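Subject: A structure for you to explore

Hi,

Here is the structure I promised to pass on to you.

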Amino acid sequence: MGKWVKKKLGEVIIDSYAGGTPNRNREDFFGGEIPWVTSGEVNNPEIISTMENITEAGIKGSSAKWIPENSILVALYGATAGQVSMLKIKATSNQAVLAIIPNNEIIDTDFLHNQICFNKQNLLFLAQGSGQPNLSKNIVDRLPISYPSSLPEQRRIASILSSADKVIDSTQ
């Protein structure tokens, strides 16, 4: 077993950013071909399709941004705050969803996804506001992450955890 490293999430990723919501009063912004993730959808372990789509005009007329396939999503506020999902398609999202793009030269995406899920309670502890928790890009980027320095070891661990998750899912 190799050496483990502890860093802040923001140090092992390429970028993290929240999306945006096009103006709902503009019919030409919705109903297009571009998948648009809402925070409620981050309750799903993986996102392979979205309930709503936006148009190219919707992206240009809002702060919505493209999120690459195999990014990690974290719900930032409300009842879903702290929920974590793996985006399996190229999509956009609303402002309540933080996209995390791992630096795959440092950390394996599946391993990082597991680490964020494992640290969900720590993340919620850092959340601000009374009532429902509110996270921010800053809070999520400061989350401490521990990982093996060896990428092959990270991949082996992620594979084992994925197999265990499948067994758990099949027995529920």
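This is a predicted model: local features need pLDDT of at least 70, side-chain atom pairs count only at pLDDT 80 or more; totals for chains, interfaces and linings use all residues.

S3 covers residues 30-37 and runs parallel to S8, with 2 bridges joining them. Both belong to an open sheet of 3 strands in the order S5-S3-S8, where the pairing is mixed. At its edges you will find S5 (52-54) and S8 (92-93), each of which pairs on one side only.

Next, the aromatic rings. How many aromatic pairs are there? The count comes to 2. One of them is formed by Phe30 and Trp36, with centres 5.6 Å apart and planes at 85 degrees. This pair is edge-to-face, because an angle over 60 degrees falls in that class. Are these two residues buried or exposed? Phe30 has a relative accessible area of 16% and Trp36 has a relative accessibility of 1%, so both count as buried, the cut-off being under 20%.

Another ring to look at is that of Trp66: the charged end of Lys90 sits over it, 4.5 Å from the ring centre.

Finally, find Asn70 in the loop between helix H1 (56-60) and strand S6 (71-75). Its phi is near 65 degrees, a positive value in a residue other than glycine. Asn70 has a relative accessible area of 33%, so this residue is partly exposed.

Enjoy exploring!

Best wishes

How values were computed:
Residues are numbered from 1 along each chain as its sequence is written. Side-chain values use heavy atoms; hydrogens and water are left out. Rings of Phe, Tyr and Trp (its six-membered ring) pair if their centres lie within 6.5 Å; planes under 30 degrees apart count as stacked, over 60 as edge-to-face and the rest as tilted. Buried means under 20% relative accessible area, exposed over 50%, partly exposed in between (1.4 Å probe, protein chains only). A charge sits over a ring if NZ of Lys or CZ of Arg is within 6 Å of the ring centre and within 35 degrees of the ring normal. Two strands pair if DSSP finds at least two bridges between them. Helices (H or I, at least four residues) and strands (E, at least two) are DSSP runs, numbered from the N terminus.
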